[in-house]
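Here are a few notes from my pass through this one. Have the structure open while you read.

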Amino acid sequence: MDQLSSDPQRADPYKNFKFRLSWEGRYVAGFSEVSGLTEEISVVDYREGQYPISSHKAAERIEYEVIELERGVTYDSDFKQWASKICQYECERDVEVPLKDIRIDRYNEKGEITAAHTIHRCRVSEFHARPELDAATTSPEIRRIKLEHEGWEREK
């Protein structure tokens, strides 16, 4: 039995989501929006001793923005537990928050992967479940998750 599906008739519970998040080779969540896949390089001026009048520019470090995943759903208990660790950490400082490498795949309307990004050493810094629980609605289970990370690379 597929552990990702709450409905045995539905093979892919994340089919309706444009962005799918995976780790350890399996999809664990689907999202409608992703932002923050940007990087900024800090530049510093420096002067060489023999040329004191002019300065040169050098890249100092790369800074990565927080990645936000919005309007999503998960049926994976490991992902839910990992995402909610931030709440435990805030209450109990001795809780270790595991860092995960994740992959975000973007799908087109035909169900083909159009972009893939690997995000390195992630941890959840903010987690918002949907505000109301209503069995009659199909609103997302996850309103927003923010991921702090140590860099990303585009694979496709």
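Is isoleucine 41 buried, partly exposed or exposed? Keep in mind that this is a predicted model.

1. Isoleucine 41 comes out as partly exposed, because its relative accessible area is 49% and that class runs between 20% and 50%. You'll find isoleucine 41 in strand β3, residues 39-46. Together with Val43 and Ile62, Ile41 makes a nonpolar surface patch of about 260 Å².

2. Two backbone spots deserve a look. Most residues other than glycine have a negative phi. Glutamate 24, though not a glycine, has a positive phi of about 50°. Glutamate 24 belongs to the loop between β1 (19-23) and β2 (26-35), and is exposed at 61% relative accessible area.

3. The other spot is arginine 121, again not a glycine, with a positive phi near 50°. Arginine 121 is in strand β7, residues 113-129, and is partly exposed, with 42% relative accessibility.

4. On to the rings: there are five aromatic pairs in the structure. One of them joins tryptophan 23 and phenylalanine 79, with ring centres 5.7 Å apart and planes at 55°, so this pair counts as tilted. Tryptophan 23 is in strand β1 and phenylalanine 79 in helix α1 (residues 77-83), so the pair ties together parts 56 residues apart in sequence. Both residues are buried, and ring pairs link Trp23, Phe79 and Trp82 into a cluster.

5. Finally, check arginine 20. Its charged end sits over the ring of tyrosine 107, 3.8 Å from the centre. The charged end of arginine 20 also sits over the ring of tyrosine 27, at 6.0 Å from that ring's centre.

Technical notes
Residues are numbered from 1 along each chain as its sequence is written. This is a predicted model: local features need pLDDT of at least 70, side-chain atom pairs count only at pLDDT 80 or more; totals for chains, interfaces and linings use all residues. Side-chain values use heavy atoms; hydrogens and water are left out. Patches are made of residues with over 30% relative accessible area and no salt bridge: like charges are joined within 9 Å, nonpolar side chains (Val, Leu, Ile, Met, Phe, Trp, Tyr) within 5 Å. Accessible areas come from the Shrake-Rupley method with a 1.4 Å probe; for residues, only the protein chains shown count as cover. A salt bridge is a side-chain nitrogen of Lys or Arg within 4 Å of a carboxyl oxygen of Asp or Glu. Helices (H or I, at least four residues) and strands (E, at least two) are DSSP runs, numbered from the N terminus. Buried means under 20% relative accessible area, exposed over 50%, partly exposed in between (1.4 Å probe, protein chains only). Rings of Phe, Tyr and Trp (its six-membered ring) pair if their centres lie within 6.5 Å; planes under 30 degrees apart count as stacked, over 60 as edge-to-face and the rest as tilted. A charge sits over a ring if NZ of Lys or CZ of Arg is within 6 Å of the ring centre and within 35 degrees of the ring normal.
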